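I opened the model today and kept notes as I went. The entries follow in the order I looked things up.

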Amino acid sequence: MAKPRLTPGPDHPITIAPAGERVVVTAGGTVIAETENALLLTEAHYPPVRYVPLADVNPAVLERSPTTSYCPFKGEATYYSLPGAPDAVWEYQEPYDAVAAIKGHVAFYPDKVEFS
């Protein structure tokens with residue numbers, strides 16, 4: 001069965017803009033990512049999410065996870081685990097056109113990392 005593919009609109013808006021701030025992500029006292037090029041994705045009634053360029057994430061702390069999930073507005077998400085934090089990071093490797101700007105970026109679950 002085909003998964004639904006939806007386009008953002010007035011009933012489910014999605015905007016992506018530069019975060020406009022330096023973003024530092026830490027977990028267990030270790031810097032995971034540091035960037036001035038984060039994007040802020042705001043979707044409908046959900047809290048805004050910072051997407052960090054994968055190039056600005058320490059690759060030594062990322063471990064690819066077999067977990068996947070699906071969003072009808074963004075596409076298929078794949079996950080990474082951090083030491084002591086399974087599936088803490090997600091990525092849309094082939095995001096849908098409406099959110100193409102997040103390609104090459106990852107997001108972090110705020111309950112598994114700290115932002116500053």
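Which residues lie nearest the centre of the largest pocket? I found Glu43, Val49, Tyr51, Lys74 and Trp90 there, among 21 lining residues.

Ground rules first. I am working with a predicted model, where local features need pLDDT of at least 70, side-chain atom pairs count only at pLDDT 80 or more, and totals for chains, interfaces and linings use all residues. Residues are numbered from 1 along each chain as its sequence is written, and side-chain values use heavy atoms, with hydrogens and water left out.

**Pocket.** I noted a volume of about 450 Å³ for the largest pocket. A pocket here is an open set of points on a 1 Å grid over the protein atoms alone, where a 1.4 Å probe fits, with protein on both sides within 12 Å along at least five of seven lines; lining residues have an atom within 4 Å of a point. Grid points are joined across faces, edges and corners, and the volume is the space filled by probe spheres set on the points. I then sorted the lining by class: 16 nonpolar, two polar and three charged residues. The nonpolar class is Ala, Val, Leu, Ile, Met, Phe, Trp, Tyr, Cys and Pro; Asp, Glu, Lys and Arg are charged; the others, Gly among them, are polar. Strand 4 (39-43), strand 5 (49-53), strand 6 (63-71) and strand 7 (75-82) each give the lining at least two residues. Strands are DSSP runs (E, at least two residues), numbered from the N terminus.

**His12.** I placed His12 in the segment before strand 1 (14-18). Is it buried or exposed? His12 counts as buried because its relative accessibility is 15%; the cut-off for buried is under 20% relative accessible area (1.4 Å probe, protein chains only). Its side chain makes a polar contact of 2.7 Å with the side chain of Glu43. A polar contact is a pair of N or O atoms within 3.5 Å; within protein, one must be able to donate a hydrogen and the other to accept it, and residues adjacent in sequence count only if both atoms are side-chain atoms. Beyond four places in sequence, His12 is in contact (heavy atoms within 4.5 Å) with Glu43, Ala44, Tyr46 and Phe73.

**Tyr80.** I found Tyr80 in strand 7. Tyr80 is buried, at 9% relative accessible area. Setting aside residues up to four places away in sequence, Tyr80 touches residues including Leu54, Asp87 and Val106.

Technical notes:
Helix = DSSP H or I, 4+ residues; strand = E, 2+ residues; numbered from the N terminus. Buried < 20%, exposed > 50% of the residue type's maximum accessible area, 1.4 Å probe, protein only.
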